[in-house]
Amino acid sequence: MIWTNNMTTANSPTTTSPVYDGHYWGFQYISPINIIIALYIMIQNSVIIYDYHKDWRRISCLFFILIGVVDIGSACFEIGRGSISLLCLKDPSMRIHPWIFLVCQKFGVLCYVTSTFCVLVLTVVKTINIMRPFYTQNNRLLKIVLFIYPSILLV
């Protein structure tokens, strides 16, 4: 809780009252849970990358590796954001510049959106493989699209 002073008027008490702040509660109690989940995500995606790295030339294996790498990046940014938030809440004298926090948020969201896009493309590729097993896909075009989409999001 954050304590604030009430304005004193003729009919109001001169005491301080607790004010509930949802952001404080969210960072204080949700950030440790997010950090633990992010550590689990990093371990899980490391296993996925290790499993698929042997056959990385196949397009579906490349997608799984790319999704794993992007999810690890997203988890790293979540660990950093959660740790910084907890440190700033524990010590009121510590403040972070808003631009640093914004950059961390931007790259975290970029990783999330890129991961979602890669899963969508992987789903389309697998659906085409199931529907038309002898159809050859242009893997070079898929790789170009996977490079261009995150580059557009950076702008």
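At what angle do H3 and H4 pack, and how many Å apart are their axes?

I began with this pair and noted that H3 and H4 pack at an angle of about 155 degrees, with axes 10 Å apart; axes here are lines fitted to C-alpha atoms, for helices over the stretch in contact, and angles run from 0 to 180 degrees between N-to-C directions. Helices are DSSP runs (H or I, at least four residues) numbered from the N terminus.

Before going on, I recorded that this is a predicted model, in which local features need pLDDT of at least 70, side-chain atom pairs count only at pLDDT 80 or more, and totals for chains, interfaces and linings use all residues. Residues are numbered from 1 along each chain as its sequence is written, and side-chain values use heavy atoms, with hydrogens and water left out.

I then looked up the handedness and found the crossing of H3 and H4 to be right-handed, a crossing being right-handed if the near helix is turned clockwise from the far one by less than a right angle, and left-handed if anticlockwise. The contact (heavy atoms within 4.5 Å) includes Phe107, Leu110 and Phe117 of H3 and Leu142, Tyr149 and Leu153 of H4. By class, I listed 14 nonpolar, 1 polar and 1 charged residues for the contact of H3 with H4, where Ala, Val, Leu, Ile, Met, Phe, Trp, Tyr, Cys and Pro count as nonpolar, Asp, Glu, Lys and Arg as charged, and the others, Gly among them, as polar.

Next I turned to H2 and H4 (residues 139–154), whose axes come within 11 Å and cross at roughly 10 degrees, so H2 is roughly parallel to H4. Their contact is made by Ile59, Leu62, Phe63 and Leu66 of H2 and by Asn139, Leu142, Lys143 and Leu146 of H4, and I noted 6 nonpolar, 1 polar and 1 charged among these residues.

For H2 and H3 I found an angle of about 155 degrees and axes 9 Å apart, which means that H2 is roughly antiparallel to H3. H2 passes H3 in a left-handed crossing, and the contact of H2 with H3 has 17 nonpolar, 8 polar and 3 charged residues.

Key
Helices (H or I, at least four residues) and strands (E, at least two) are DSSP runs, numbered from the N terminus. Angles under 35 degrees count as roughly parallel, over 145 as roughly antiparallel, 65 to 115 as roughly perpendicular and the rest as oblique.
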